[in-house]
Amino acid sequence: MEQRKGRRLVLFPMPLQGHINPMLQLAQILHSKGFSITVIHTNFNSPNASNYPHFTFHPIPDRLDQSDPAMPSNIGSLLSHLTTMCEGPFEDCLRKLMLDETDEPIGCLVSDALFHFTQGVSERLRIPRIVLRTGGACSFHVFAAFPFLKEKGYLPVQDSKLEDPIMELAPLKVKDLPVINTSDPEKLYQLATSMVNSAKNCAGLIFNTFEDLEQSSLDKLRYEFLIPIFPIGPFHKFCPPSLSSLIAHDETCISWLDRQEPGSVIYVSFGSIAAIEQPEYEEIAWGLRNSGRPFLWVIRPSSVDGVDGLNPGLEERGCIVKWAPQVEVLSHPSVGAFWTHCGWNSTLESISEGVPMICMPCFADQKVNSRFVCDVWQVGVELERSNGLERGKIQRAIRRLFDEKEGEEIRDRMLHLKEKASLCLKQGGSTFQSIGGLADHILSLES
Ligand code: UDX
């Protein structure tokens, strides 16, 4: 550990699991470089402060009442509520922290990219602002291209054009463009545009990725954004996400994995937000049973609409948990494939642990991530959900990975990527150097 440099950083995570994990992992990385960490967080999904005795936590009100039936019911409305309601309380809290003379001066604010209003706050309070984008560089580049995509007629997405290639963003197709709530595509458009524009004006952009994985997207962003960009992932290699988990991990699945053959298990998890419909649940259950392979399936409470009991016989071959210690699972030798929704954390965790993927993206950046996994890095197979998830298609995807030559090739490429993910962390590696560059950059910022 380096000596404290008398510089305090204030971090502000978006209160969703896929955003809290990387922000608190980043906090650990920066702390190990000698910075003091203060976290401002909403009451909604507040992190467990007792897991971080070396950080200081300050809650702010968010006017979200989880028992209120009017609580925003989908992710699009939740994000717009949070970005509207948090600005005032966040600014008040930061102002108070600045006035607190008993503590060190604040060197820099590190905000989730989606909290775009923090740019205005940082300008008003004259605190430099660095942004953490918790998704990949590949999808951020697509968000940055939204005005162009709109001008060219690719956006809003039209059903008749879903299979059209986007020549300017090959290998993406129109169906891969990020959508959240198709009934109001304009909302995502505005949120993405505000996120990108406010990032362009900040003092630096951090990604949980590594240079060898996303060099081409990072280079494009470096060309378009005139600010320093720091790819310093994979974060979970510095600090496991278990500390920041909002749901307790069920560790019993690890002893179940210990009893399975090496490389035999399909791990199934669709992250912290995506939900599936009851008919999809049935098809997944039958597809897994018919595959004849052991499986570990995360069924989060309330993630399956209309299901009140498990499909009969399901537990004979599989292990079902409400929430798994995902990184531990992915690094377990019994796991041979990850059926994932392609949230960015899951994607990167799978790559760093060398586990080939079955990609079933649901919304937002996940479709872009899936296209990169399947067509650019070629370390996974696609399983389309949009025109009906069906047991035959599921069995086919599983066979492609486990029983066919294609699966062997995918496995080889994945091991190669895993090696790169590991090398970048070593002394002289790209992430190692970029972390040093980030620490120097923060120390050079003028308040
Ligand atoms: C959301 C969006 O869905 C995603 O597209 C975006 O990139 C980030 O925000 P989420 O659905 O939570 O993410 O998925 P993901 O990004 O994969 O993050 C999930 C996190 O929860 C991972 O760090 C994973 O390790 C952890 N997790 C998941 C568990 O600890 N246990 C589980 O059972 C499942």
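Helices (H or I, at least four residues) and strands (E, at least two) are DSSP runs, numbered from the N terminus. By this definition the protein chain holds 17 helices and 13 strands. The model is a predicted one, in which local features need pLDDT of at least 70 and side-chain atom pairs count only at pLDDT 80 or more, while totals for chains, interfaces and linings use all residues. Residues are numbered from 1 along each chain as its sequence is written.

The overall form comes first. The C-alpha trace of the protein chain spans about 65 × 50 × 50 Å along its principal axes. The radius of gyration is taken over C-alpha atoms, and the globule rule is 2.2 Å times the number of residues to the power 0.38. For 447 residues, a compact globule would have a radius of gyration near 22 Å, and the 21 Å of the protein chain agrees with this. A residue counts as buried if 20 or more other C-beta atoms lie within 10 Å of its own, as exposed if 12 or fewer do, and as partly exposed in between, with C-beta atoms placed from the backbone. Buried residues make up 45% of the 447 residues. Two residues are in contact if their C-beta atoms, placed from the backbone, lie within 7 Å. Among contacts between residues at least 6 apart in sequence, 69% join residues at least 24 apart.

The chain is divided into domain 1 (8-241 + 427-444) and domain 2 (251-420), with bounds that come from an automatic or database domain assignment. Their centres, taken over C-alpha atoms, are separated by 26 Å. Domain 1 gives 28 residues to the contact and domain 2 gives 23 residues. On the side of domain 1 that touches domain 2, the elements that give two or more residues are α1 (17-32), α5 (137-144) and α8 (211-224). The largest share of that side, four residues, comes from α1.

Within the chain, helix α3 (residues 87-99) and helix α4 (residues 118-125) form a pair whose axes come within 10 Å and cross at roughly 30 degrees. Axes are lines fitted to C-alpha atoms, for helices over the stretch in contact, and angles run from 0 to 180 degrees between N-to-C directions. Glu87, Phe90, Glu91, Leu94, Arg95 and Met98 in α3 meet Thr118, Val121 and Leu125 in α4.

Helix α13 (residues 344-353) is mostly covered, as 10 of its 10 residues are buried. Among them are Trp344, Leu348 and Ile351, together with the charged-group members Glu349 and Glu353. After α13 comes Gly354, whose phi is positive, near 75 degrees.

Some backbone details remain. Most residues other than glycine have a negative phi, and most peptide bonds are trans. The peptide bond from Leu155 to Pro156 is cis, with omega near -5 degrees, and the bond from Ala170 to Pro171 is cis with omega near 5 degrees. Pro156 lies in the loop between α6 (146-151) and α7 (185-200), and Pro171 has its place in the loop between α6 and α7 as well. Asn45 is not a glycine, yet its phi is positive, about 50 degrees. Asn45 lies in the loop between β2 (36-42) and β3 (56-60) and is partly exposed, with 18 other C-beta atoms within 10 Å. Ala364 has a positive phi near 50 degrees and lies in the loop between β12 (357-359) and α14 (366-376). Ala364 is buried, with 26 other C-beta atoms within 10 Å.
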